[in-house]
Amino acid sequence: MNDRFIVTDYRTDCYHCRKNADQHIVAGPNRADVACTSCGATRVFVPLMEEVDEEGAFKKAGRWPVWSLTAEAACRHCGFLGPHDLTVSCRTIMVQCQHCRFTHLYRFDLEYLAADPSGKEPAGTIDSHSGTCP
């Protein structure tokens, strides 16, 4: 089975550079990333749990905008090839099979910046979401 089971883009304002740009989302069994195609700022999420969801068990309302998307994928639980719900917040990413409700939940782990093309700013790790996420 493909190690990267969700690969999609979502166009919105970047939390780092504030430009309207595609946010490239890749979710696999061992990690999920959201990377800005404009500035390269990347948030890395690590798996927290995998299980079949009871209705609404992983959905929490937060004060920051949440991206609710749908992406084609092969379910790692039932093998269904079709739409999966993809929910991205500043602290978690959830991927859920629409067929069997098998859910992958990732938690935020690390944030880093790509090297500035002008060479003025180095690549680096950001310690927290201060100012961008509670």
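Colleague: Where does arginine 43 lie in this model?

Modeller: In this predicted model, arginine 43 sits in strand β4, which covers residues 42-52.

Colleague: And is arginine 43 buried or exposed?

Modeller: Buried means under 20% relative accessible area. Arginine 43 has 6% relative accessibility, so this residue counts as buried.

Colleague: Thanks! How many aromatic pairs does the structure hold?

Modeller: There are two. One joins tyrosine 10 and tryptophan 67, with 4.9 Å centre to centre and 40 degrees between the planes, a tilted arrangement. Tyrosine 10 belongs to strand β1 (residues 6-13) and tryptophan 67 to strand β5 (residues 67-74), so this pair ties together parts that are 57 residues apart in sequence.

Colleague: How accessible are tyrosine 10 and tryptophan 67?

Modeller: Tyrosine 10 is partly exposed at 27% relative accessibility, whereas tryptophan 67 is buried at 12%.

Colleague: Why is the pair of phenylalanine 45 and phenylalanine 108 called edge-to-face?

Modeller: Planes over 60 degrees apart count as edge-to-face. Here the planes stand at 80 degrees, with the ring centres 5.9 Å apart, so the pair gets that label. Phenylalanine 45 is in strand β4 and phenylalanine 108 in strand β8 (residues 102-113), so the pair ties together parts 63 residues apart in sequence.

Technical notes
Residues are numbered from 1 along each chain as its sequence is written. This is a predicted model: local features need pLDDT of at least 70, side-chain atom pairs count only at pLDDT 80 or more; totals for chains, interfaces and linings use all residues. Side-chain values use heavy atoms; hydrogens and water are left out. Helices (H or I, at least four residues) and strands (E, at least two) are DSSP runs, numbered from the N terminus. Buried means under 20% relative accessible area, exposed over 50%, partly exposed in between (1.4 Å probe, protein chains only). Rings of Phe, Tyr and Trp (its six-membered ring) pair if their centres lie within 6.5 Å; planes under 30 degrees apart count as stacked, over 60 as edge-to-face and the rest as tilted.
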